[in-house]
Amino acid sequence: RINQREFLTSPNGQNQLDKHQRQAVTTMTMERNTAHEETLKDVGFTIFEEIYELGFFGWQPGFMPGDVTLDNLKSAKHIVECVDEDQMPPEIVETEKLNANLPTRFLTLPPQEHANRFPYNKFDIASLYVAKAKRGVDLDTVDFMFGGSTLEFLANKKNPEKPGAFYAAVLVPSTNIVMVKKVDDYIQNYADPGFQFSRLVTGRRFEDVEYVDYMFEHMQTIQMDGHKVFFKGESDAIHKPDGGTCVPVETKANNPWFWGTKVMFQLISNGSSLMIHGKKGRGGYLNHVRPYTLKEMCETSTKDVSISSLEQNLRDCLNTLRDAKESVLADGSVHVIHFANNEMQLRKYQGKDQEKIALFPNEEVCKELFESD
């Protein structure tokens, strides 16, 4: 097994931060993101109010003992040992340099597959630990916890089309925070063109092995209609628009025809001010790379959609979830969110696959974790 700490600090590593850079990252993480607030206001959104940047951290699933699952995790130390609060995603290459070497053909590579299970997914509890212990967030002030796709789901009130996939609502153990998360079983193949493109954008090669024993998460809080929402999500890359401050970047190589409002809400959720898109052509070629700003994505995505309708849907959902916190969700059970006739319904999970809805360690472990520093 490759030593991830040695790899990431080696000359060929994805990310290299010296002591002063890491100190700058820590300083940046508590700043209010007025640039995002102003951008969202300029395009017509009013629901996204105070936005606070909480920075990045590295998650190392390879450090988790192989026999540990969320169901049998007995000690908070297993979570803490997988967290590296100082690490950040790799930095993007300038688009001009990328386009100078295009077109080029995506490769057919041997599969690089990982099941979408803990510890390669469902480590949401680690984000709350870092937010509290390392970024100074008072979890008692947080109402909700959302992932990267939750805003899109709530704003459009549209149930997932994939059979077996659903969004779950559940109280985070030992807190009063309701998490809304997509639950879906699938195999992630890091040899696919989308991941090849991400590697190219960050200065690597299509054929490079994706070291998924190191994953990067970004965190922020957004005040929405009187509710404080904690957002966490995987981050593809970073860029430094002013030469110092590091901000998240999304990378996409799929057809814009399928974006709708999905990519826009993903940028908002992940705190990204930039998305790098790879335009594919016939024969499996990458023809061109283009950057999209958050403002461009918002303006394009809402041309045929009413922002006020999206916001009203979000307000409806937040209020329903707030009320459910004191009723059906109070016992800690997992509920499936379903929309019918434009109304949110919460149905207690009745499936037999309990591993599928094991989203957190038990309450004792969560309490121990939140008391750690």
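User: Which residue stands opposite Ile238 in S12?
Analyst: Pro248 does. One caution: this is a predicted model, where local features need pLDDT of at least 70 and side-chain atom pairs count only at pLDDT 80 or more, while totals for chains, interfaces and linings use all residues. Residues are numbered from 1 along each chain as its sequence is written, and side-chain values use heavy atoms, without hydrogens and water.

User: And His239, what's its bridge partner in S12?
Analyst: Val247. Strand S11 (237–239) is joined to S12 (residues 247–252) by 3 bridges, and they run antiparallel. Strands here are DSSP E runs of at least two residues, helices are H or I runs of at least four, both numbered from the N terminus. Two strands pair if DSSP finds at least two bridges between them.

User: How does S12 run against S13, parallel or antiparallel?
Analyst: Parallel, with 4 bridges. Glu250 has Met275 in S13 as its bridge partner.

User: What's the strand order of the open sheet?
Analyst: S3-S14-S13-S12-S11, 5 strands with mixed pairing. S3 (104–105) and S11 are the edge strands, each pairing on one side only.

User: Switching topic: which strands does helix H9 lie across?
Analyst: H9 (residues 262–270) lies across S12 and S13 (274–281), at about 155 degrees to S12. Axes are lines fitted to C-alpha atoms, for helices over the stretch in contact (heavy atoms within 4.5 Å). Angles go from 0 to 180 degrees between N-to-C directions.
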